[in-house]
Amino acid sequence: MQKNWWQEAVVYQVYPRSFQDTDNDGIGDLKGILQHLDYVKNLGANVIWLNPIYKSPNDDNGYDIADYRDIMQEFGTMADFDKLLEAAHEKGLKIMMDLVVNHTSDENHWFAESRKNKENKYRDYYFWRDPKNSREPNNWKSNFGGSAWQYDPKTEQYYLHIFSKKQPDLNWDNADVRQDVYGVMKFWLDKGVDGFRMDVINLISKQPGLPDDPNADKSTVEDAMGWVANGPKVHDYLREMNQQVLSKYDVITVGETPEAKTEDAIKYTGFDRHELEMVFQFEHMGLDWSKNGLGKWSTNKVSLPELKEVMSRWQTKLNGKAWNSLYWNNHDQPRVVSRFGNDSEQYRVLSAKMLGLLLHFMQGTPYIYQGEEIGMTNVHFDNIDDYKDLETLNAYHEIVQDKKQVTSDQMMAYIHHSSRDNARTPMQWDATKNAGFTDGTPWIKVNPAYKQINVSKALNDPNSVYYFYKKMNELRSQYDVIVYGNYSLLDPKDNEAFAYERQLDQQHLFIVTNFTSHVIKRNYKVYNDQKSRLLLSNYDDDLKRDLRPYEAKVYYYEE
Ligand code: GLC
């Protein structure tokens, strides 16, 4: 069996813009992250993934990079970064950078050159095409709404942007583009960073000739990526990247891969493939999507048997061949306790622990998104103007104002449930003004729940979600079966309890969780086993067959 440090690791994701502001401009910064390294270390995480910190005009909060070798002004300087990296390493923490190379900013030097004229050396770094019948070159849609093509009068051609028009797609079929990207990667790796999370990396190979998407009419906002995902040369490019760059360093890599199925993931991350180590798949994140053609915009509840089916399929199909990432949350997803749990005062803590336990005892590397470890909840701003995320704002305009598909009230309910800004409100450190995030005016409003839900309160409460996550991380470092054991699901059709087993040689784990707010009765064979002992639970005692609201337990035994 393969054993690698990144399989045993726990990753903590920091969204720098919303983590900690130290200069009171209302925007988080690198010095703010430096202040909290001990917080992350004490939680028991070993790797910090930083969302993009490069120079950017922030059309999409840093996912539009103007200079890959410079730091975003609001976040600090390269000297601040070097200091952060050094301090993290001294504490035994690794730093994983976000590599955004499917596209750049339109303010990137490469694009500025490219748009100058058709003969420019950088012209072919992007996709420029003539109009077709005085219109866009094909029917592709942008993932943020509208066409994926933007007309540039200067040279009378369109350029491709799968995301916003300020995020033109790079042409990976051009070998110079690839070499320049590898150069950027080496620049950061030679500084000592420990790996990359690769943004939408499975979109880099577009189909030759850029043919029309046959499903474009059916696809909706938020659904425009299928046709460009997992393209014909993506594996060639990732293998080349691995050969020329990654294989020369001992790093952690995880590719963000919308639309990837387990078969694709095995190609991207198979132990014998030499491409990436993990991917972020999206199947479990799509289960509550709209059934009315509105993509992610819905208030649907997830069905437990469907959730089990998806999670279990990823567990069993990858077992022994490739490696899973385990996540409920990130900067693009609503807060999990509000989404799959119960964020009422009575059940927030219990259900946040239940969800954490369910995920962290599966096979894979767990990712904790800032605030998840204290059970942060979705935010409900009443006014659309309080939202900052361009995806949310574009969708509101398109769905409510242009197409009039739903009322404004209905759309606000969808936004409360699904908007990316649910994850992006400032980190809630304490009950003081602005949750201790800034003394200035925060770039996005703080979630008013901060008075009840904050780090300072969690650290003072032995029963907090924080200490539960810490305990899970400790157990992970003590029991190999948590990391490497194989997985089998019990009772796939049970729509109230989610139970599974893990096994590695003589070591066994049994995990059971109650997804409801009432008592359910279940009998499992582990209860009759004298050798089994309770490793972790979110209640103080064990009633065995009676599973109380959101109860979650792990038993351990050896054979
Ligand atoms: C990824 C990022 C998201 C960003 C998009 C475009 O999905 O996680 O935040 O908007 O790529 O870069």
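Domain bounds in these legends come from an automatic or database domain assignment. The structure is a predicted model, in which local features need pLDDT of at least 70 and side-chain atom pairs count only at pLDDT 80 or more, whereas totals for chains, interfaces and linings use all residues. Residues are numbered from 1 along each chain as its sequence is written, and side-chain values use heavy atoms, with hydrogens and water left out.

**View A. Division of the protein into domains.** The protein is divided into domain 1 (7-104 + 177-381 + 423-468), domain 2 (109-160), domain 3 (382-422) and domain 4 (486-558). Between the C-alpha centres of domain 1 and domain 2 there is a separation of 30 Å, and 20 residues of domain 1 are in contact (heavy atoms within 4.5 Å) with 18 residues of domain 2.

**View B. The shell of residues around the ligand.**

View C. A polar side-chain atom of D332 lies 2.4 Å from an oxygen atom of the ligand, while for R420 the corresponding distance to a ligand oxygen atom is 2.9 Å, and an N or O atom in the side chain of H103 is 2.9 Å from an oxygen atom of the ligand. Taken alone, the ligand exposes 300 Å², of which the protein buries 96%, with accessible areas from the Shrake-Rupley method and a 1.4 Å probe.

View D. D60 lies in the loop between β3 (54-55) and β4 (67-71), where strands are DSSP runs (E, at least two residues) numbered from the N terminus. D60 counts as buried because its relative accessibility is 6%, the cut-off being under 20% relative accessible area with a 1.4 Å probe and protein chains only. Not counting residues up to four places away in sequence, D60 touches F144, Q167, L390 and R420, and the side chains of D60 and R420 make a polar contact at 3.1 Å.

Note on methods:
Polar contact = N/O pair within 3.5 Å; in protein donor to acceptor, adjacent residues only side chain to side chain. Helix = DSSP H or I, 4+ residues; strand = E, 2+ residues; numbered from the N terminus. Buried < 20%, exposed > 50% of the residue type's maximum accessible area, 1.4 Å probe, protein only.
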